[in-house]
Amino acid sequence: MTSLRSIRGGNAQRSVASQLPFHFSKLQDPELLIRQVLESSKRAGDFQTATKAHARIITCGYWARPPLLASLISAYVRCHQISLAERVVHHVTGWCRNLLTLNIFLRDLLSAGQCAVARKLFDKMPERDVVTWNSMIGGLTRNGRFYDALASFRDMLASDVEPDGFTFASVFTSCARVGFLSHALWAHGLMIEKKIEPHFILNAALIDMYARCGKIQAAREIFDSVHRDDVSVWNSMINGLAIHGHARDAITVFSKMEREKVSPDSITFVGILTACSRCGLVEEGRMYFDSMRSRYSIQPEIQHYGAMVDLLARAGSVDEAYAMIKEMPTKPDAAIWRTLLSSCRVFKRPRLGEVAIANIPRRESGDYVLLSNTYCSLTKWDSAAKMRNLMKRKGVGKNCGKSWIEFAGEIHQFRSGDRSHWETEALYETLDDLIKRTKMAGFVPSMELVLMDVADEEKEENLNFHSEKLAVAYGVLKSSPGSEIVVLKNLRICYDCHCWIKLVSRILSRTIVVRDRLRFHRFE
């Protein structure tokens, strides 16, 4: 393995650097070309090219340029050369004691998605200020490492550095994505305790946090009480109402935004189109989509086309959704094709589903499962079996559905058919009782959703033990009658569980809220 020391050696510098393209030294801005070379080597996983660029960094004297070193580390990580990436970090911390430079380096590493390497740099830094902590917490949040971001925030609270408004904006975003109300209340309470002066970024994050933690009324109260002169505050409220399925309220907020002379941006229209999609407001959605260009001179982007495809597909206009995809001025992304694929399962359009899955470049397990579901709903067992065999040949495993519920400050996780919980026996007794009561009330399992050509009894058993049903049963077991049950799920809730939980809510006269990957489902 090529070591950092060997690359830095004089002979190695000359031999490796000499292999770079001849025009390398002719450019007026060699730093730009080095970054381009590193990006190319990262995309291709080309270790040899990365080492050439590394040698040129040394010969050009660019060791004190954080963006370049962050790109180098990112390339080494992509090439599975973790030890070299860590040696570059060690080299930087060995010669650099300037906090500003180290903060920039940390920021650039996190921007490149190199959280693990950034953490090593963070741990080696001789001192840290609020910018350092904000870079770490914000970077982890942007990279989807929400629990790590909250853990870093707790570390910050234990240090001698006080958080500021930007710290709390990142913390609120992490709390929103985690989704548990206890985290949100804790973070908001700390902000008040530390007398952090609110600003529009913080207010927008606060509204988003409460909306995503299931408390849309609390989000609305905050929205009504803060200054609303920045569009981001309105966007948080509109998007919050959208994920809760409150399309009419979102439209009312949009109209109020216009009256208060706040100009919407592209994010505003993503929110309002999503709200229309969730509630089947097709004509309203068309009107807002058309007004983007005609009234506000905002060119629709891929997210807006995606929301319109979703709106049309959910409403059953699958062919019109497909026509919009074909007429898009930009190339449709995988998310848009997955939206069409999902509607093909609902409306039993296997041929169009095959078109959709063929256009998804990097197919995930859910894509194959959706098409297999479509075949199963039409009892085309041979086609479903072929799809499952294709998954096996490609080594694609099915994403495991997981659900969480919080009780007495502790988070409980369940998987489908899970029997690892320490209260499993009582949990399954409660679930069995709920299943019997829903059957007596007329519930019929949606057995066409089970991906197997087996007896109905086996299909029903497969459906009975989905993770969200286990989480709801645990909530019934542990909470007091009449209290609200809140469940989080990593995937979309299936139709069978949706119908079953709706009936459980009615039988028990209890409010049950399920937040899945896309939206909130409130049963009361």
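Across residues 1-20, pLDDT stays under 50, and the model has 39 contacts there beyond four places in sequence. pLDDT is the predictor's confidence in each residue, from 0 to 100; a contact means heavy atoms within 4.5 Å. Residues 451-459 also stay under 50, with 15 contacts beyond four places in sequence. This is a predicted model: local features need pLDDT of at least 70, side-chain atom pairs count only at pLDDT 80 or more, and totals for chains, interfaces and linings use all residues. Residues are numbered from 1 along each chain as its sequence is written, and side-chain values use heavy atoms, with hydrogens and water left out.

The protein averages a pLDDT of 86, and 90% of the residues score at least 70. Confidence is lowest in helix α2 (residues 10-17), at a mean of 36. It is highest in helix α15 (residues 231-243), at 97. Helices (H or I, at least four residues) and strands (E, at least two) are DSSP runs, numbered from the N terminus.

Now turn to the strands. Strand β3 (residues 485-489) has 4 of its 5 residues buried, so the rest of the structure largely encloses it. Buried means under 20% relative accessible area, exposed over 50%, and partly exposed in between (1.4 Å probe, protein chains only). Two strands pair if DSSP finds at least two bridges between them. β3 pairs with strand β1 (residues 402-407) in the antiparallel sense, over 3 bridges. In that pairing, Trp404 stands opposite Leu488 of β3. β3 also pairs with strand β4 (residues 512-515), in the parallel sense and over 4 bridges. Here Leu488 stands opposite Arg515 of β4.

β3, helix α28 (residues 495-508) and β4 make a right-handed β-α-β unit. A crossover is right-handed if, with the strands pointing away from the viewer, the path from the first strand over the helix to the second runs clockwise. Ser509 lies in the loop between α28 and β4. Its phi is near 55°, a positive value in a residue other than glycine. Ser509 counts as exposed because its relative accessibility is 63%.

β4 and β5 run antiparallel, with 4 bridges between them. Arg515 stands opposite Phe520 in β5.

A pocket is an open set of points on a 1 Å grid over the protein atoms alone, with protein on both sides within 12 Å along at least five of seven lines; a cavity is a set where a 1.4 Å probe fits but cannot get out; lining residues have an atom within 4 Å of a point. Grid points are joined across faces, edges and corners, and a volume is the space filled by probe spheres set on the points. This pocket is lined by 20 residues, with Thr173, Arg177, Ala205, Asp208 and Ser236 nearest its centre. α13 (200-212) gives the most to the lining, with 6 residues. α9 (130-142), α11 (165-178), α15 and α17 (266-279) are among the helices that each supply at least two.

Lys195 lies in the loop between α12 (181-193) and α13. Its phi is about 55°, although Lys195 is not a glycine. Lys195 counts as exposed, at 75% relative accessibility.

The whole structure holds 1 cavity of 30 Å³ or more. Its lining consists of Trp63, Ala64, Pro66, Leu69, Val92, Trp95, Thr101 and Phe105. α5 (66-78), α6 (82-95) and α7 (99-111) each give two or more of these residues.
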